[in-house]
Amino acid sequence: MSVDTPRRIVLLRHAKADWPDVSDHDRPLADRGRMDAPVAGHRLADTGITFDLALCSTATRCRETWKLAVQEMPRRPRTVYEEGLYEATLGDILALLNETPDEVNDLLVVGHNPGMHAAADALAGSGEGDALARMSRSGFPTASFAIIGFTGSWKTVEHDVGELLDYWAPHD
């Protein structure tokens, strides 16, 4: 596979979580989150992207979001539950992206803010239509996602490497 291959990164923030008396890592989805996650999955399916790989935080709210969202997609991609996505910084996320095998064209990452928003901001050097303005205005709420396109090897993913192709939030 050529390093000139067009690739897409989809950054999906987990759906709305509840606040029961459990550790932060173990927080489940709230009722609204259980409603929004399948909607996000349906919207992702509507993009026509067939993911080669999904990286998902090990946090309960991310695993539950992914379980509900993927049911709306035509095909379940290989999924890796990545402990490093929990409380990941922008640097952590970029490092994970740089480790992605070049056989992967389309990657979905299910994680947390502020990391998901920071990664979307950092990677999108430009944007289609009003996508950048909408993402900036909304602040990357729960169950939202950004689609970033770039050309090259995953090892070259860095600030401003891509273009924000689409941004979606459930309550915009």
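Predicted model: local features only at pLDDT ≥ 70, side-chain atom pairs only at ≥ 80, totals over all residues.
Mentor: Some ground rules: local features need pLDDT of at least 70, and side-chain atom pairs count only at pLDDT 80 or more, while totals for chains, interfaces and linings use all residues. Residues are numbered from 1 along each chain as its sequence is written, and side-chain values use heavy atoms, with hydrogens and water left out.

Trainee: Why is cysteine 56 called buried?

Mentor: Buried means under 20% relative accessible area, exposed over 50%, and partly exposed in between, with a 1.4 Å probe and protein chains only. Cysteine 56 has a relative accessible area of 0%, so it is buried. Cysteine 62 is also at 0% relative accessibility, so it counts as buried.

Trainee: How do you know whether cysteine 56 and cysteine 62 are bonded or too far apart?

Mentor: A disulfide is a pair of cysteine sulfur atoms within 2.5 Å. The sulfur of cysteine 56 is 5.4 Å from that of cysteine 62, its closest cysteine sulfur, so the two are too far apart for a bond. The structure holds 0 disulfides.

Trainee: What covers the buried residues of H2?

Mentor: Helices (H or I, at least four residues) and strands (E, at least two) are DSSP runs, numbered from the N terminus. In H2, residues 60–70, the buried ones include Cys62, Trp66 and Val70. Their cover includes helix H1 (31–46) and strands S1 (6–13), S2 (53–57), S3 (78–82) and S4 (106–111).

Trainee: What makes a set of residues a nonpolar core?

Mentor: The members are buried Ala, Val, Leu, Ile, Met, Phe, Trp, Tyr and Cys residues joined through side-chain atoms within 4.5 Å. The largest such core has 29 residues, and Leu11 and Leu97 have the most contacts inside it. A second, separate core of 17 residues includes Leu44, Ile49, Cys56 and Trp168.

Trainee: Which residues is leucine 11 in contact with?

Mentor: Contact means heavy atoms within 4.5 Å. Leaving aside neighbours within four places in sequence, the partners of leucine 11 include Val109, Met116, Leu123, Phe145 and Ile148.

Trainee: Why do S3 and S5 stand at the edges of the sheet?

Mentor: Two strands pair if DSSP finds at least two bridges between them. The open sheet has 7 strands in the order S3-S2-S4-S1-S6-S7-S5, with mixed pairing. S3 and S5 (124–127) each have a single partner strand, so one side of each is left without a neighbour in the sheet.

Trainee: How many bridges join S2 to S3?

Mentor: There are 5 bridges, and the two strands run parallel. In one of these, leucine 55 has valine 80 of S3 as its bridge partner.
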